[in-house]
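Here is a brief report on one structure. Look at the sequence and the coordinates first, then read on.

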Amino acid sequence: MKRMFVLSTVALSLSGLLTGCGESTSSDSGAQYGNSSDPAQPVDNNFNESLLLASLVDNVLLPTYNQFANDATALQTTVNNYCDTLSAPDTSASDALSQAQDSWRGAMTTWQLAEVMQIGPLAENGYALRNKIYSWPNVSACAIDQDVVLAEADDYDLTTRTPSRRGLDALEYTLFNTNLNHQCTVAGTAPEGWNNRTDQDRREARCAYSQRLTADLVTNAQTLVSAFEGEQGYGQVLKNAGLPDSQFAVSLDAVNEISDAVFYITEVTKDAKIATPVGIIANDCGTSPCPQNAESTYADHSLQNIIANLTALRSVYLGGDDENVGFNDFLNDVGDTETATRLLQDIDNAIAFAQSLNGPYSTLLTEQPDQVEQLHSEVKEVTDTVKTDFIQSLALELPATSAGDND
Amino acid sequence: MHKHVTRLLAAAIAAACHTSALAEPAAASVEHISIIGSQQQLDTTAGSVSLIDEAALEAYEFDDIARVLATVPGVNIRQEDGFGLRPNIGFRGVTPERSKKINIMEDGVLIGPAPYSAPAAYYFPMVSKMTAVEVTKGPSTIAYGPNTVAGALNLVTRQVPTEQIAEIDIAGGTDGYYKSHAYYGNAVDKHGFLVEGIAVGSDGFKTLDNGGDTGFEKIDLMAKYKYDLSTAKFDQYIQIKGGYSEETSHETYLGLTDDDFAQDPYRRYAASGRDKMDWEHNQLQLTHFIAGDRFDITTRLYRNNFDRAWNKIDGFESSLGGQIPTLQEILTSPDTDRNAPYYAVLTGQADSSVREKIVLGNNAREYYSQGLQIDATLDLRFAGLSHQVDLGARYHDDEIQRNHTATNYFMRDGALALTGEPTVPTSTNTEQTDAVSVYASDTITLADVLLTAGIRGEFIDGEYQNRAPGREQDFQNKSTRIWLPAVSVFYQVTPKHAVFAGFHQGFVPTSPIQSASIAVEQSDNFEAGWRFIQSDQRVELIGFYNDYSNLIESCSISAGCDTDTTFQAGDVDVYGLEAAYQRQWNLTGGWRIPLNITYTHTQSEFQQTFYSEFAQWGFVEQGASVPYLAENMFSVNIGLVGEKVDVNLLASYSDSMPESAQQTLTGDVRDSTLAGKETDALFNIDLSAGYQLTPAARLYGKITNLLDNEDIVSRRPYGARPNLSRQMQVGVKYAF
């Protein structure tokens with residue numbers, strides 16, 4: 001028995017020793033290997049990424065969000081004015097509606113700048129705040145029709161409603177859609193009695209709902225600004241990236257978050273707003289031009305949106321304008337002057353081409369689809385460079401959604 | 001046409017036979033194919049080992065390994081397609097997902113498509129042809145790698161006989177079920193051979209919206225040739241085994257909403273109408289065996305090839321971009337503003353708009369697995385003690401080539417129609433592994449005590465390479481080295497009573513694509529048990545405790561990841577109790593009543609609070625349970641067996657299981673979609689009966705799911721899925 005005890009002790013001791021020194025793993029990987037959970041490492045350079053982040057916050061992000069908040073307030077004023085004049089016997093209602101529509105166009109143009117800057121508070125919790133302000137392509141005319149009627153109840157609370165019933169996309173429908181009939185086609189979803197109401201009654205109902213929408217929009221725009229500005233705001237978080245206690249271990253991580261947002265130009269502007277309606281990507285008409293699949297069909301504001309997206313890309317790239325610290329300076333600093341120059345030229349070319357197009361986007365799609373296809377090519381020039389030379393020279397990572405892109 | 005030919009060939013193998021004797025293979029030749037060996041070894045193992053022999057397998061004629069393993073304690077299973085085509089098996093609480101953490105072997109050789117590079121077992125051997133199933137857990141596991149955290153499952157094929165044998169087995173049943181199985185073997189002088197073929201299929205028990213096939217067809221052919229080299233001094237032979245098998249199954253990852261399940265659990269949505277798995281598998285194995293008075297050595301050279309095309313709905317895509325809900329989200333909440341349009345398209349009630357394009361992925365893959373392994377047993381005596389030394393070494397090489405593509409479809413009038421967009425590649429990469437493994441153990445006999453100490457080494461070199469154009473620099477070379485010790489003690493207290501205890505270290509490697517910063521899975525596994533054996537009954541009671549220092553899980557296609565991605569949970573404890581009771585009453589007139597009762601109780605606890613993107617975890621609170629692990633499982637298998645008649649009844653019960661480690665939804669967009677949901681508790685009864693018409697002919701029948709219970713076995717991969725509906729089958733076997 002004693003011998004057994006000794007043997008057991010030896011065996012267990014041996015086992016314990018082996019347990020403690022058992023495992024080792026090592027690896028080497030290529031430059032494109034992307035599954036590393038190691039934090040991004042700054043490229044070897046003298047560039048001050050904090051200056052870039054500060055420039056982006058002070059010259060691009062915050063001014064855009066502030067401008068949108070101002071535009072939202074102006075839109076609220078014009079919509080309220082429109083509703084006040086709706087029952088007037090003269091043409092003032094028509095004029096007021098035009099003013100409200102102009103205000104919407106202004107606000108939308110500004111928001112299309114912000115679309116390329118969806119980071120931090122805008123992206124949190126599945127882009128909840130962004131979707132409240134603008135939920136396209138998640139839009140539903142029928143859902144808005146339903147809520148126009150539901151909003152007439154005393155206990156209606158717009159803040160509890162889904163994004164497709166709120167924001168700039170809902171306002172586009174209520175301010176620009178001249179068809180007063182509801183758009184619900186699925187049995188049981190139509191707002192009860194709506195099509196039997198008078199035209200004036202329906203205009204007033206949509207206007208009243210527009211007032212709720214603009215009030216909600218102003219609140220959300222101010223929420224966005226509040227979340228970004230100040231010592232506790234996200235703008236400061238970006239500026240402090242890489243410092244002790246920062247949520248970004250290195251400043252390049254914060255730069256990468258902004259570059260991720262810029263890929264909106266690839267996935268949304270190039271593909272969803274241009275390639276899909278012109279038929280390069282399948283649409284509701286098959287693979288031929290399909291105006292109803294454009295972004296802004298009621299206001300026919302799609303081309304202006306695309307131009308705004310490209311303009312925002314230019315601003316982010318330059319950190320504001322030529323005088324500010326931007327990504328172009330970062331590229332120059334790491335020695336890739338060729339990409340720095342070419343990318344700016346390609347962006348300017350794409351903007352210039354988009355601005356040269358005449359007529360509303362819906363007309364272009366049906367009558368000059370080759371021009372829209374050319375616009376696609378111009379934008380693709382930009383996105384191809386962003387996905388390759390830009391990312392690689394600055395040691396940034398592609399966003400996960402673009403890693404499998406098969407362009 | 002090709003399939004019909006092979007099926008006919010399988011049946012013809014037996015039809016050509018003319019001889020009479022049904023011979024059993026010699027016991028000695030079985031033992032080295034079996035990983036458990038003799039009954040004596042079974043009774044004196046310091047750990048949990050289970051053997052289901054040919055007689056037990058024939059009692060129910062199961063085609064599904066999950067049903068076969070219902071009588072083995074400590075086995076946790078997540079059902080999926082009902083037929084068991086791609087089983088999810090775990091032992092003692094390890095994730096059952098695609099059986100990726102257990103070692104699946106056929107005749108002692110790793111049989112998964114690429115056990116190191118891609119351990120998910122999308123190929124599983126034809127259960128219907130096996131003559132034994134062996135389950136090993138506990139310290140003995142270190143003889144089998146690479147996964148030592150849970151255990152090993154060995155499937156034993158028919159042996160080359162020492163005299164002529166032949167049998168044909170034809171069966172049919174509900175839902176168009178058929179089975180044709182035949183084998184013939186003989187031995188002449190030093191030459192022996194066996195040929196065997198089997199074809200199994202069904203029209204399926206589910207119904208597609210707007211019609212379509214939901215069944216499957218599997219074919220398996222095997223041939224063995226053996227040349228006996230025995231002399232007066234040594235038993236020795238060489239053997240070559242070749243096999244070919246294929247499957248076409250109209251299976252899908254798409255399940256149902258809970259409401260639709262309540263209406264008709266066997267419904268399949270229109271969007272799954274084109275889903276289909278096609279695979280081919282072939283194998284070649286060369287074995288040399290030599291045994292003397294005090295040693296035996298088995299050498300195996302093996303190669304397995306597996307090609308598959310797996311077309312199935314992966315989700316939705318929108319030409320307009322934006323956030324698109326997952327299939328799981330849609331089926332969990334089909335009525336929300338966001339999800340309702342997608343649900344209408346899935347069910348074919350509405351045509352797709354440009355925002356609801358259906359993505360069918362074809363996850364085409366090519367695998368190979370090859371190697372050389374040597375296992376030896378030596379009986380030695382030194383230092384005045386008797387030693388049984390087991391040694392083994394293996395060089396193994398496997399590879400997976402992914403050539404995944406995706407094609408978009410519109411739903412049009414209840415059927416899928418191409419969008420016209422080109423098919424695009426999604427994952428084009430290769431993972432390859434060279435692995436050397438060794439093990440050694442010494443069992444010292446000291447009076448009534450068997451003391452075993454052993455160790456296993458795994459030396460793994462993996463390579464990952466993205467083969468997409470322009471991604472040449474997306475590669476990784478990774479090396480992992482680990483030593484895994486095990487110790488155990490067995491004490492024969494009295495001739496009938498024995499106690500045992502053991503420890504071994506558990507290990508699961510990560511695949512070559514995973515970053516080296518992701519730690520391999522390791523655990524300290526302890527167990528202790530008591531065994532009581534007498535002539536007519538056997539009792540075994542084992543407690544186990546697995547202390548994971550890092551539990552890892554990989555998210556595969558079925559969970560929404562295009563390429564397996566590994567997640568880590570850190571410390572997790574799994575512990576429980578396994579009990580088995582076997583008894584046989586011998587009655588007059590040659591009648592006997594065999595009884596087999598098993599019970600498993602398992603508890604699991606995450607040891608920290610954390611968030612993981614892994615869909616089965618989400619926001620995990622300390623103390624939460626591991627998903628898909630039933631706390632209580634119970635089975636009773638009882639029979640009445642006479643000389644001509646036998647009747648068997650298997651009743652099994654499994655508690656409901658959490659579908660996610662997250663216990664409640666928090667409202668965060670990152671919530672695990674199935675937080676708080678559980679599978680149904682499962683209670684199943686299978687009944688079988690046989691009648692010996694003549695000494696050579698046996699008529700048999702069975703009813704599976706006798707009570708026709710309709711339960712949710714899982715809501716993964718996407719939506720609620722049913723257990724197998726009630727099936728009735730009859731067949732006849734004729735031994736020539």
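In which sense do β1(A) and strand β22 of chain B pair, and over how many bridges? The pairing is antiparallel and spans 7 bridges. The model is predicted.

## Across the chains

β1(A) pairs with residues 475-492 of chain B, the strand β22(B). Within β22(B), B:Q476 stands opposite A:S29.

The contact between the chains draws 50 residues from chain A and 53 residues from chain B. α1(A) gives the most, with 10 residues. By class, the chain A side holds 28 polar, 15 nonpolar and 7 charged residues.

## A helix pair in chain A

Helix α13 (residues 337-356) of chain A packs against helix α15 (residues 369-393) of chain A. Their axes lie 9 Å apart, at an angle of about 160°. Angles over 145 degrees count as roughly antiparallel, so α13(A) is roughly antiparallel to α15(A). The crossing is left-handed.

Residues of α13(A) in this contact include A:L343, A:I347, A:A350 and A:F353. From α15(A) come, among them, A:L375, A:V379, A:V382 and A:F390. Charged residues take part too, including A:R342 and A:D346 of α13(A) and A:E378 and A:D389 of α15(A). The contact as a whole has 9 nonpolar, 5 polar and 5 charged residues.

## An open sheet in chain B

Chain B has an open sheet of 5 strands with mixed pairing. The strand order is β1-β6-β7-β4-β5. β1 (49-52) and β5 (109-110) of chain B stand at the edges. Each has a single partner strand, so one side of each is left without a neighbour in the sheet.

What joins β1(B) to strand β6 of chain B? The link is made by 4 bridges, and the two strands run antiparallel. β6(B) covers residues 132-137. There, B:V135 stands opposite B:S50.

## A buried arginine

A:R212 sits in helix α7 (residues 199-228) of chain A. Is A:R212 buried or exposed? A residue counts as buried if 20 or more other C-beta atoms lie within 10 Å of its own. A:R212 has 21 within 10 Å, so A:R212 is buried.

Leaving out residues up to four places away in sequence, A:R212 touches A:A151 and A:L158. A:T159 is 53 residues from A:R212 along the chain, and their C-alpha atoms are separated by 9.8 Å.

Definitions and conventions:
Residues numbered from 1 in each chain as written. Chains lettered and ligands numbered in written order. Predicted model: local features only at pLDDT ≥ 70, side-chain atom pairs only at ≥ 80, totals over all residues. Axes fitted to C-alpha atoms, helices over the stretch in contact; angles between N-to-C directions. Parallel < 35°, antiparallel > 145°, perpendicular 65-115°, else oblique. Left-handed = near helix turned anticlockwise from the far one by under 90°. Contact = placed C-beta atoms within 7 Å. Pairing = 2+ DSSP bridges. Buried ≥ 20, exposed ≤ 12 C-beta atoms within 10 Å, placed from the backbone.
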